[in-house]
Amino acid sequence: MKIFTATQIRDLDKYTIEHEPVKSIDLMERAARALTTSIVSRWGTNVPVVVFAGPGNNGGDALAVARLLTERGYQVQTFLFNISGKLSADCAENKQRLLTKKGRPLLTEVTQEFDPPQLEKGMLVVDGLFGSGLSKPLAGGFASLVKYINAAPAQVVSIDVPSGLMTEDNSYNVRANIIKADVTLTLQHKKLSFFFAEHQQYIGQVEVLDIGLSQEGIEKMDAQFTLTEKTDVQLLLKPRDAFAHKGTMGHALLVAGSYGMAGAAILAARACMRSGAGKLTVHTPRRNVPILQTAVPEAVLHTDREETIFSEAVPTDAFQAVAVGPGIGTVEPTAIAMIAQLRRTQCPVVADADALNILAARHAWLQQLPKGVILTPHPKELERLEGQCTDSYERLTKARQLAERLQGYVILKGHRSAVCMPDGHVAFNTTGNAGMATAGSGDVLTGVLLGLLARGYSQREACLLGVYLHGLAGDLAANDLGEESLMAGDIVQYLPKAFLAL
């Protein structure tokens, strides 16, 4: 699924109007009916409704919803804010339609002073002040109104976007001047800002409403941001040849574990084998041999000359994929061996965990990374690599820029992990849960990526499929075990079920 910018949303509306064809006021009515249907499904006619409508098309949507709710028997009080004396054409038309409703006046038009209504528990506020077109923070009277609504005990449903929240970059927004919605009914597609952790307090529960925008227009329009869904990754799956053997399923090399950190190597190794690799060799310090030989008997061990650290790069001619980093530590001999390993590796390579910490301390080494490298930082690791960030948008921007600069792949891990690609495209993952916020989860992802690469998937395919499978295994585990008790090893155990689910 594509995620469009505010500009693209306007272009898609225009395309639909021109090519369906449909009048803009009729498209707005279509949206209002979808919004009303959702509201009616959640709140009964016994709930008093207060609608706040702005002067633009978001306000036009709100006015149409007010009229349709009234027709359904709801008690609706509507306030239209027309401070500048200028309404959008469709907002003005819906104002007239509401005014012509039979019965008592339903609309209060605010042009100067505003005496706000009492918002009490058990009431519903419909927020239609500003939508996806907002480009600057709310201020003045609108900021005061937002604070008044947020302080009230009434429930709030926002149309398309909570008023005050911009669809992409909120780095310079005033957080106190953004509506905190209980429910956001967004039109046609989720907005980019919905995928950032700090905005969850504003959007509440999100429902995407199909308002019939042109499918042809959606397909034609390029999007820098997409959602990776089940049907997308199902198309990537490679069936096994009936005559396959371990030699044709790929040989992977995992460089992992210092003394005391063998667990990282074990988790990554098990995940690699569970992800389809025909063979796995683990390069690790000598003292890790007994535990690895016992914990992952399927793996071949290649021991470092040192007892406790990784200190020597491994020739990679025999391997189809390499992963470096889980639990290796950051001491100087390891750092030198790590960059040597990355420089000499010709096959696809994943750098994670301590490999990222080493690179963060030696930024010049980033220039030596092979083209197509996959980096898997969590937010703090990304900031150590690229500098401090004020919010998630800036962090994602830096991850995208890093991927483009390296001509590689950067998987920014989180609740909606973002796969940043060399061409600037970003794919947000749709699987995973809070139970996966546990030590070792990232090591499992490294193993999954390594196994898929060895199996023959391209870097792009491995990133999209690997992140999805990793999250899906976590979801399946959480369904059985609960999020609170989930451990990284459980994700490995549920990888087979994740593959089966696809």
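**A tour of selected salt bridges**

Begin by selecting Glu29 and Arg97, which form a salt bridge whose closest N and O atoms lie 3.5 Å apart. Glu29 belongs to helix H2 and Arg97 to helix H4 (residues 89–99), so this pair ties together parts that are 68 residues apart in sequence. The model on display is a predicted one. Colour the two residues by accessibility: Glu29 is buried, with a relative accessible area of 10%, while Arg97 is partly exposed at 24%.

Next, select Glu20 and Arg30. Their salt bridge has its closest N and O atoms 2.8 Å apart. Glu20 is found in the loop between helix H1 (6–19) and helix H2 (24–42), and Arg30 in helix H2, so the pair ties together parts that are ten residues apart in sequence. Glu20 is partly exposed, at 41% relative accessible area; Arg30 is also partly exposed, at 26%.

Then move to Glu332 and Arg362, a salt bridge with 2.8 Å between the closest N and O atoms. Because Glu332 lies in helix H11 (residues 332–344) and Arg362 in the loop between helix H12 (354–361) and strand S15 (374–375), the pair ties together parts that are 30 residues apart in sequence. Glu332 counts as partly exposed, with 43% relative accessibility.

Terms used:
Residues are numbered from 1 along each chain as its sequence is written. This is a predicted model: local features need pLDDT of at least 70, side-chain atom pairs count only at pLDDT 80 or more; totals for chains, interfaces and linings use all residues. Side-chain values use heavy atoms; hydrogens and water are left out. A salt bridge is a side-chain nitrogen of Lys or Arg within 4 Å of a carboxyl oxygen of Asp or Glu. Helices (H or I, at least four residues) and strands (E, at least two) are DSSP runs, numbered from the N terminus. Buried means under 20% relative accessible area, exposed over 50%, partly exposed in between (1.4 Å probe, protein chains only).
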